[in-house]
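Biologist: Please show me the structure. I would like to ask how its features get their names.

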Amino acid sequence: MGWSFVHRDSSQSIADFFKTELKSPGRYEVLDCVVVKNEVAYLAVRHTNKVGVSVVGAVVCLLEHATREYNNFGYKDIHETMGPAESECPERILKQLTPLESAAYQSMCSSVDYAKDWRDRCRSNLPRRIRLKAGDRLRSLIPVHFGNGQVLTEFVVKDARRCVMTGADGRLYKLSRDLINAHCEVVG
């Protein structure tokens, strides 16, 4: 399982490239592709066996760009059952995959344990996003320092969309979405 280097026209997206390159009518079809950091492509691929049973599995493609060569695009494809090291698969792809518990998946794919481990690692790497609504009480796990000298850890959500909060002193404060997702929890 080595690398494949081919010519890819610069006007063709990586997703379109894989949809044509890895297509095998009646056997394999790339349903979706997400490229992360221009180094790894995560694919949702439908595999249909000889009797017409289909499952959707993940394929991770490592990418290499050789812009000065005719064969300017390289990739190494790794099926999820091979336990790829790269584990930043977006939720959009993970949602399309056939559950590992399904009889169809287990009959068509070996090494379900590797696929389970890979999917678990990908889910643990998904960015955490806290959903807010007006009136929620929010607690920061770290003290938040503001320009007016206040140091606060508890807030009440005033405007969820713009992340505007009311502090214990009654003043309005704006928190960054990154701070909320990384260090806060909704407590009521």
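Modeller: About 150 Å³ of space lies in the second largest pocket. This is a predicted model, where local features need pLDDT of at least 70, side-chain atom pairs count only at pLDDT 80 or more, and totals for chains, interfaces and linings use all residues. Residues are numbered from 1 along each chain as its sequence is written, and side-chain values use heavy atoms, with hydrogens and water left out.

Biologist: What makes a space a pocket?

Modeller: On a 1 Å grid over the protein atoms alone, a pocket is an open set of points with protein on both sides within 12 Å along at least five of seven lines. Lining residues have an atom within 4 Å of a point. In the second largest pocket these are Glu91, Leu126, Pro127, Arg128, Arg129, Arg131 and Asn181.

Biologist: How many residues of that lining are charged?

Modeller: Four are charged, beside two nonpolar and one polar. Asp, Glu, Lys and Arg count as charged.

Biologist: Which residues lie nearest the centre of the largest pocket?

Modeller: Tyr28, Val45, His47, Val59 and His79, out of a lining of 17 residues. That lining has eleven nonpolar residues, five polar and one charged. The strand β4 gives the most to the lining, with four residues.

Biologist: Why is the pair of Trp3 and Phe5 called stacked?

Modeller: Rings of Phe, Tyr and Trp (its six-membered ring) pair if their centres lie within 6.5 Å; planes under 30 degrees apart count as stacked, over 60 as edge-to-face and the rest as tilted. The centres of Trp3 and Phe5 are 6.2 Å apart and the planes are at 25°, so the pair is stacked.

Biologist: Why is Trp3 called partly exposed?

Modeller: Buried means under 20% relative accessible area, exposed over 50%, and partly exposed in between (1.4 Å probe, protein chains only). Trp3 has 39% relative accessibility, so Trp3 counts as partly exposed. Phe5 also has 39% and is therefore partly exposed.

Biologist: What kind of pair do Phe146 and Phe155 form, and why?

Modeller: Their ring centres are 6.1 Å apart and their planes at 75°, so the pair is edge-to-face. Both Phe146 and Phe155 are buried.

Biologist: How many aromatic pairs does a search of the whole structure find?

Modeller: Ten. Ring pairs also link Phe17, Phe18, Phe73 and Tyr75 into a cluster.

Key: 1 Å grid on protein atoms, 1.4 Å probe; cavity = no way out; pocket = protein on both sides within 12 Å on 5 of 7 lines; lining within 4 Å. Helix = DSSP H or I, 4+ residues; strand = E, 2+ residues; numbered from the N terminus. Points joined across faces, edges and corners; volume = space filled by probe spheres on them.
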